[in-house]
Amino acid sequence: TGEPMNTIKIQELSTKGCNHCQEARKILEEEIKSQFPNVEMEFVDMLTEQGQKMVQKYGIMSSPGIIVNGELFSMGGLDKKKLIEKIKSLS
């Protein structure tokens, strides 16, 4: 169709030394980025002021917190298949 794809913003809220966060980041940076050029990513440290505000806003109890287009998608471990389905549904 040649229509421009919607830009999708994914924010990952994580803490240092969190294994799930590292896995999620790897999925986002290596797989999602290459498959979906329309995805914009932001990695936020939960312990920063911005991170704390987002934790409260979205009620994130475990890391990583994954926010897709301003909506809480998941927390504590990332389901790659579900995320890919979500991105496709928004693209």
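## Glutamate 12 and its surroundings

The side chain of glutamate 12 comes to 3.4 Å from the backbone nitrogen of arginine 25. That is a distance from a predicted model, so treat it as a computed value for a side chain that passed the pLDDT cut-off of 80 or more. Glutamate 12 belongs to strand E1, which covers residues 8-14.

Is glutamate 12 buried or exposed? With a relative accessible area of 1%, glutamate 12 is buried, because anything under 20% counts as such. Leaving aside residues up to four places away in sequence, glutamate 12 touches Cys21, Ala24, Arg25 and Leu28, then Glu42, Phe43 and Val44, and finally Pro64, Gly65 and Ile66.

## The fold around it

Zooming out, the chain has three helices and four strands, and they run in the order β-α-β-α-β-β-α along the sequence. The radius of gyration is 13 Å, close to the 12 Å from the globule rule for 91 residues, so the chain is as compact as a globular protein of that length. Along the principal axes, the C-alpha atoms fill a box of roughly 45 × 25 × 20 Å.

Looking at contacts with a separation of 6 or more, 57% join residues 24 or more positions apart.

## Burial, surface and charge

Of the 91 residues in the chain, 37% are buried. The chain exposes about 5,600 Å², and carbon and sulfur atoms supply 48% of that area.

As for charge, there are 12 positive and 13 negative side chains. The centres of these two sets lie 2 Å apart.

Methods: Residues numbered from 1 in each chain as written. Predicted model: local features only at pLDDT ≥ 70, side-chain atom pairs only at ≥ 80, totals over all residues. Heavy atoms only, no water. Helix = DSSP H or I, 4+ residues; strand = E, 2+ residues; numbered from the N terminus. Rg over C-alpha atoms; globule rule 2.2 N^0.38 Å. Buried < 20%, exposed > 50% of the residue type's maximum accessible area, 1.4 Å probe, protein only. Contact = heavy atoms within 4.5 Å. Areas by Shrake-Rupley, 256 points an atom, 1.4 Å probe, with all protein chains shown as cover. Lys, Arg positive; Asp, Glu negative; His and termini not counted. Charge placed at Lys NZ, Arg CZ, Asp CG, Glu CD. Polar contact = N/O pair within 3.5 Å; in protein donor to acceptor, adjacent residues only side chain to side chain.
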